[in-house]
Amino acid sequence: MIFSTELLIQTVISGLMVGVLYALMALGITFIYSIVKTINWAMGEFYMIGSYIQFVAVHFLLGPRWWWLAALISMAGTFLIGLLLEPILIKPMYSRPMQRRDDYATVVTIALLLLLRSLAVALGGPYQYRPESDLSVIWIGPLPQEGARVAASVCALLALAAFWIVIKKTWIGLALRAAAQNRIAVQTSGVDVYRLDAVAFAIGVALAGLAGALLAPLFMVFPTNGAVTSVKGFEIIVIGGLGSIPGALIGGLLLGLVESLGAAFISSPYQNVYGFLLVILILIVKPNGLFGERGREA
Amino acid sequence: MMAGAPILEAQGLTKRYGGLIANNDVRMTLAPGEIRGLIGPNGAGKTTFVNLLTGLETPDAGSVRLDGTDITGLLPHRIAAQGLVRTFQVSRVFANLTVRENLLVPFLAAGSPGGVREGQDRAAELLDLSTLTPLADELAGVLSGGQRMLLQACAGFMIPAVRVYVLDEPFAGINPVVKDTLIALIQGENVGKGRAFLIVSHEMEIVRRLCPLVTVMIQGRVAAEGTLDEVARRPEVIAAYLGRAAA
Amino acid sequence: MDSLDTHASTTAEWRSLGTQREDHVMQRRELFGGVLAAALIALGSLPAKAQDPIVFGVITPLSPPGETGLGQLAKRGAEIGVEYINEQGGILGRKVQLSIQDSAGKNEQAVAAYRRLVSSEKAVAVFGFIHSGANIAVNEVAKEMGVPTMGTQTGATDVTAKHYDIAFRTHAVDPPRAGTWLGWIKKNNWKRVSIIAETTDYGIGLAKETEKQNKEKNLGLEIQTIMFDRTTTDLLPQLLQVKAFKPDAIVNIGVGQPLDLMITQAHTVGLLPATPMVTSYDAPARPQFWQLHGEKGVGVSFVAFYSPKSELSDLGKEFAKRYQAKFSEPPVYAALNSFANAIVFAEAIKKAGTTEPKAMIKALEEGSFGGWSTVPVTFPRAEGVLWHNWSPPMMILRYTAKDQTPATAEAAYAQ
């Protein structure tokens, strides 16, 4: 193992950059959970959809210079798909009398996962694609980084900021925060909680779609490309605490750092193990995650 | 006794949970601008009745009409938007929002043309009336039980369309000063804006002060209606309350 | 009439026996069930009728995380192979039918596919393997179930080194492959070499073999070996280690997505295009390579088992013609090999005169078959990894300009 301060700095920066994107994924999962009270197991497939839209938009329609516009289109596209799917798939969990809501949601989202993957194979074949990127390598201090990766991290940060503004400063954000606290009270306040569910689901999957679009030039586009990233998302949820937005952000950065440092300075074949070790450690020390609270609902 | 068309009319409301009949053919009419008390021993079905009125549960039979419009089976947010608003016995404020934001949620949900600015003005007015102004920008989670109840009541008044306001046990376990503030608030909204109230309560003194008429529910049915003193003389009412006291 | 009488008397007996009647009914039913079962088993083991097709099974990755590109090629090759065999009149007067199974590159999925092929589809030969792990796992089951397998493009030692009777392979094994890039490195007088390999049977085997040959042949190379998990999404930490080592050449032992990620990120850290990189198999020979990498694919070298400049047998030429007509691109190694697998199995069955596995295996071991190359295909019971193995000739090709094909690439090294 080679060690130097320069290498340490490079590794930390590289970890943080990938961590921001992990955080985006985790934020989507945790946000949907905090409103709809359901874990969307098909999160990785929305990442996949985002990456396919990005590829089609860049490769066939816009060209690599307009990658950012393509990313916005990908995000809007997954948002719309989420907005359409939620009332069909998730809403029955609340609008109909049901014995085991959680089981219902788990089964439905896993079925959705399989359906979307098969659909991707049917439409695009089992091949890998990659949207072209003409961004040149960017030096961050001593560290060279793919332009696309820097762009992805910066856009992820922008998206996190935009998310924060929507949640803190807009009427829909206020309603969403209220619904996260108490679904019934928000209904009797005159808010259509079902519409809110659909919006929350759509925002959550759009975050995944954006992550998929941004990472497409690096991790490529194929039917199961969301699997790894969504597993990271779920790890972060355990680390940060389910339903906690700061938990998703800090957990994402933490996981990115731990993986990157572990791979560089401990042993690289076990890169994925470090994250799991962190998860296990958190489960022992703080079972509800760093920012999780027991019994958030009143 | 009641002139003109009723503002709220419940007909034959029935709700079963398995073998238990929580509400059995409950009927009640409320005149515009009336403050009605709803009393009865625990388990008489008062909260179920409130839930049926406000759409949190769907009746097995019967109907609810608000100002002549059938609202039976509508979703809670639609009923609220039409002007039938409620509070909960266990206060459901949004602990993670500030006191002011709690008030803005129902106002903005109603989509008033005045927008945020009008909402802020109305919120400031209600905060003053409810003496919560110093806490306006605190998280609602820090409020005491009584303050939460005040906030919850104020939140309902933020819906511009409120015509009937159902308060479920608003006075339970809160200190006398807050009680007086809440009573003043109810009376102000009643006299000033002609809003009708249905107040579920065990606090007979307050019911006597506020409500010219009371409805008594016993075992899921309406057992009596009249002034508090009238119904208190009814043998079945006495029996029900004594029975409760004996148990 | 006799039987009717017996029936009548037994019925009378039952009446008199009363309670025991239930037991008799049971016995009768069991007896009947037993006969039925025996009849079914007998039917199943009856020799198939002459017009029934002979089934060849293909187990290959057609969905991720498998190497789907190679899987598609294996599928194409097998399809053309079976089409060709049937045009030539089939085998022993019977047509050949193909059953294609998706392994997704997963061992357990491949094993399930093998069981399905042998027990319910009655396949007599199984090939198309791309992932070594899947091939090795299937062989563990195949040695019990008996139907022979052929590794189409599986490189790991254990595919054949376990010396199972049923295990055959027509692909480059570790020693000659590692020898190929070591030869390339030696020819260029390079001293420091980084091996970046995935933690799979394939990656570990090749990394070890390279280190072993360096020692045994006294090549005196300084080798840095870095392993990584194949699901990783970021190879930057590993590549930064490589950069700090300042190697003269890099051996890229990733399969599928990590192979491409490594090329991309090696550019990022500035290793490419300055430091020569060879990929351990011919992924860059595929047309998608330039879509994936564009300008950044220039300078990449790869181990190839076939170049359009290579000499083909008559059979190979026939295949190339059909492949070009069907897919409007020149054939690639995995397709050639899969095609040849089908032909070799067909020839072995003809030679044995039966699809009985033991006879087929004997025919494969003793015969010499025509493949796609001019080198005849044999499967001797040889030492170590060379058991039941035919290795294609190997070379290293290097892209010197964008949109090159293996035909126009520079021949950087040949064994």
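A residue is buried if 20 or more other C-beta atoms lie within 10 Å of its own, exposed if 12 or fewer, and partly exposed in between, with C-beta atoms placed from the backbone. This is a predicted model, in which local features need pLDDT of at least 70, side-chain atom pairs count only at pLDDT 80 or more, and totals for chains, interfaces and linings use all residues. Residues are numbered from 1 along each chain as its sequence is written, and chains are lettered from A and ligands numbered from 1 in the order in which they are written.

**Exercise 1.** Decide whether Cys211(B) is buried or exposed.

Solution. Next, count 21 other C-beta atoms within 10 Å, so Cys211(B) is buried. Finally, list its contacts (C-beta atoms, placed from the backbone, within 7 Å): leaving aside neighbours within four places in sequence, they are Ile35(B), Arg36(B), Gly37(B) and Ile199(B).

**Exercise 2.** Find where H9(A) bends.

Solution. Take helix H9 of chain A, residues 193-219. The bend at a residue is the angle between axes fitted to the seven residues ending there and the seven starting there. H9(A) bends by about 30° at Ala213(A), and Pro217(A) follows within four residues. After the helix comes Met220(A), with a positive phi near 70°.

**Exercise 3.** State how many residues of H9(A) are buried.

Solution. Of its 27 residues, 25 are buried, so H9(A) is largely enclosed by the rest of the structure.

Technical notes:
Helix = DSSP H or I, 4+ residues; strand = E, 2+ residues; numbered from the N terminus. Expected span 1.5 Å × (residues − 1). Contact = placed C-beta atoms within 7 Å.
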